[in-house]
Amino acid sequence: MSFNLDSLFIEWRRIVPTGIPNPKNAYHLTLLKEICLSKGISTEVVDSVMLVLEAEEKPLDDKEKEKADKMGLKWKGKGYGKESEKGISHKNVDGKLVAVGDDEEKEEPDTSKLSGDDFKVGGKDGYLSKGGDDKDDIESKEEKPKGTSTKSFQPGTVKKNLEYVDKANEIAEKQENPDIKKAMGVLNDNWKKFVNAKTEEEKIEAVESMVDYGLIERNQFSKKTAGKIYISSNAAGIPYKHFMGVSGTGNAVTEDMNRIIRENGLEVNMRNNSADRALADLSGKHNEAGVVALLDPSEENQKQYEELRKKYQELGNDDSEAHEQNKKAVELIKKSLPEGSKITESIQVGGIGGSKLMDLYGIDEKVDPTDMLVVYEDKDGNKKTMKISAKIYSNPNDITMKNSGTKTAGKTYLGDEIGSPIDAKLQEMRDRNNYQEDGISDLEQKDRKRAFREEYIKGFGAGMKKLAETDEGQKQLVQMWKDVHGCGHDVHTLIVNKKTGESQIKPPEHYCDPKPPFDIKYEGGKVVINLETQTDEYVQVDCKTEMNSSPKLLFKHKVKRK
């Protein structure tokens with residue numbers, strides 16, 4: 001036989017969402033067809049295989065058949081299309097006629113000797129196997145990439161996006177402005193890297209590079225705009241819809257980029273839409289104010305929450321889903337209180353800040369991450385207070401624990417001997433990479449921001465590595481870990497997953513028992529405090545630069561993907 005069946009089956013298994021091909025699933029069959037055609041297997045052979053696998057597929061109902069007839073559509077093995085046109089325009093999905101998206105591969109190469117007899121349906125739930133399929137044996141033959149495996153795109157999708165890159169490179173070659181030409185090169189290289197990525201890490205690196213150079217923008221995430229990524233004016237000359245397919249509505253690639261952005265907390269510019277920016281800012285405030293008002297429906301709390309809900313709705317969004325998430329979080333908090341407790345007051349303190357927060361509640365915002373207070377009486381009538389740090393994310397395994405100014409971060413987190421020299425060099429680094437200088441281009445501004453972040457984090461990482469060399473230094477890193485997580489201040493962490501609505505509440509010491517030694521890694525613009533030998537948890541340190549404020553360190557608590 002001229003084709004490696006193991007390779008074909010592994011490829012199919014790798015790209016289906018569940019990881020287990022199911023011949024009764026129309027989408028899984030679509031993926032298999034595209035793989036076969038992309039490998040040069042003839043249309044006749046592919047159709048033969050599909051007839052075997054689709055034996056129990058749900059046929060079009062009478063209404064859909066009539067619709068197909070009126071549109072002049074005929075069955076063409078892979079789907080429905082007009083006889084006078086090449087390729088297909090519609091597919092049968094669970095008995096319904098569904099239009100093919102921009103990602104469909106319409107070229108049908110005609111080589112190979114693969115036969116439908118080489119496949120059989122069997123095993124649990126009718127899933128596909130190949131020649132008896134010793135799954136473990138097949139997996140042992142597959143060379144796995146280093147890193148976290150990721151879902152690959154359909155061959156047709158990859159081909160189309162590489163065509164987009166080729167066209168964009170042609171546009172870039174004609175550019176005379178060196179800044180714009182460079183920006184286009186960064187965009188094209190990283191778009192290509194993204195669509196060919198075999199690991200999550202490769203995808204993240206590609207998106208981070210495009211974000212760092214301000215090359216992509218997006219709308220506020222919603223189910224209706226989940227797939228939209230726009231090319232910014234920094235790559236002037238490439239139409240903003242160029243990488244979004246013919247319709248400009250987004251596709252599998254841009255949707256996956258949005259997933260990477262949301263799950264990794266990347267800060268991407270909104271597309272010239274102040275309403276989008278305002279809505280993004282309101283998300284966390286809505287959560288905090290809502291939980292406080294539902295715990296303690298005082299007049300002041302209700303007023304603040306209603307004002308936020310009104311703003312949320314004025315921006316064109318239905319806040320009912322967010323409100324339901326807040327209600328679930330409230331129930332979780334109530335259950336976590338001692339049995340027989342009665343809530344008497346709830347206060348939102350996250351936005352107070354500074355000396356006022358210390359004067360009113362004795363909270364030092366530099367080391368204490370409290371966002372809300374829940375005052376209650378226990379069953380014996382004793383008055384107590386529960387402190388809560390509120391986190392709302394799409395990915396609860398990637399949480400920003402602390403935002404800290406860089407001015408004295410070296411001394412604060414690394415100690416006087418190693419950290420103070422880093423603080424002393426801070427202004428020199430900022431002067432050398434002055435991204436606030438008037439008259440520089442947007443791209444030059446992005447370049448300088450990136451240069452500053454990398455230089456600062458490299459120095460900060462070098463300090464952490466030096467600490468890791470000694471027992472005393474390891475103790476300093478343990479203290480840094482605890483300061484980042486607010487340990488020792490009796491603060492619970494409330495985590496709301498805004499994608500699923502699920503809530504978790506972590507006890508005060510949940511993050512606070514790391515066991516040295518730490519492994520410190522500098523990874524080009526970020527530093528990782530790694531506990532990989534003991535657990536799947538780590539802290540990633542990033543530097544954030546803004547035009548109108550001092551640079552900040554972001555400390556993110558992460559859990560490695562399984």
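Helices and strands here are DSSP runs, numbered from the N terminus. With that in hand, we can take a walk through this structure, which is a predicted model.

Let's start at Asp-490, which sits in the loop between helix 17 (471–485) and strand 13 (491–497). What is the phi of Asp-490 near? Its value is near 55°, which is positive even though the residue isn't glycine. Asp-490 is also partly exposed, as its relative accessible area is 46%.

Pro-517 lies in the loop between strand 14 (503–506) and strand 15 (519–522). The peptide bond that runs from Pro-516 to Pro-517 is cis, and its omega is near 15°.

**Helix 12: one side in**

Now for helix 12, which covers residues 320–336. How far apart should the ends of helix 12 be? With 17 residues at 1.5 Å a residue, helix 12 should span 24 Å, and its end C-alpha atoms are 25 Å apart, so the two values agree. Next, look at which residues of helix 12 are tucked away: Ala-322, His-323, Gln-325, Asn-326, Ala-329, Val-330 and Ile-333 are buried. These residues cover an arc of only 155° around the axis, so they lie on the same side of helix 12.

The largest nonpolar core has 34 residues, and the members that touch the most others are Leu-187, Trp-191, Val-207, Ile-216 and Phe-243. Helix 6 (155–173), helix 7 (178–195), helix 8 (200–212) and helix 9 (252–263) each give this core at least two residues. Which helix gives the largest share of this core? That would be helix 7, with 8 residues. There is also a second, separate core of 33 residues, and among its members are Ala-409, Tyr-456, Met-464 and Val-484.

| Pair | Apart in sequence | C-alpha to C-alpha |
|---|---|---|
| Lys-160 and Phe-243 | 83 residues | 9.4 Å |
| Ile-399 and Asn-264 | 135 residues | 8.7 Å |
| Ala-409 and Leu-553 | 144 residues | 8.1 Å |

Where do these residues sit? Lys-160 belongs to helix 6, Ile-399 is part of strand 12 (residues 398–405), and Ala-409 is in helix 14 (residues 409–414).

Are they buried or exposed? Buried means under 20% relative accessible area. Ile-399 has a relative accessible area of 1%, so it's buried. Ala-409 is buried too, with a relative accessible area of 1%. Lys-160 comes out at 25% relative accessibility, so it counts as partly exposed.

**Empty space inside**

Rolling a probe the size of a water molecule over the atoms shows where empty space is left. How many cavities of 30 Å³ or more are there? The count comes to 2. The largest cavity has a volume of about 30 Å³. Its lining is made up of His-485, Gly-486, Val-491, Thr-493, Pro-508, Tyr-511 and Cys-512. Sorted by class, that lining has 4 nonpolar residues, 3 polar ones and no charged ones.

Terms used. Residues are numbered from 1 along each chain as its sequence is written. This is a predicted model: local features need pLDDT of at least 70, side-chain atom pairs count only at pLDDT 80 or more; totals for chains, interfaces and linings use all residues. Side-chain values use heavy atoms; hydrogens and water are left out. Helices (H or I, at least four residues) and strands (E, at least two) are DSSP runs, numbered from the N terminus. The expected span of a helix is 1.5 Å times one less than its number of residues. Buried means under 20% relative accessible area, exposed over 50%, partly exposed in between (1.4 Å probe, protein chains only). The arc is that of the directions from the helix axis to the C-beta atoms. On a 1 Å grid over the protein atoms alone, a cavity is a set of points where a 1.4 Å probe fits but cannot get out, and a pocket is an open set with protein on both sides within 12 Å along at least five of seven lines; lining residues have an atom within 4 Å of a point. Grid points are joined across faces, edges and corners, and a volume is the space filled by probe spheres set on the points. Ala, Val, Leu, Ile, Met, Phe, Trp, Tyr, Cys and Pro count as nonpolar, Asp, Glu, Lys and Arg as charged, and the others, Gly among them, as polar. A nonpolar core is a set of buried Ala, Val, Leu, Ile, Met, Phe, Trp, Tyr and Cys residues joined through side-chain atoms within 4.5 Å.
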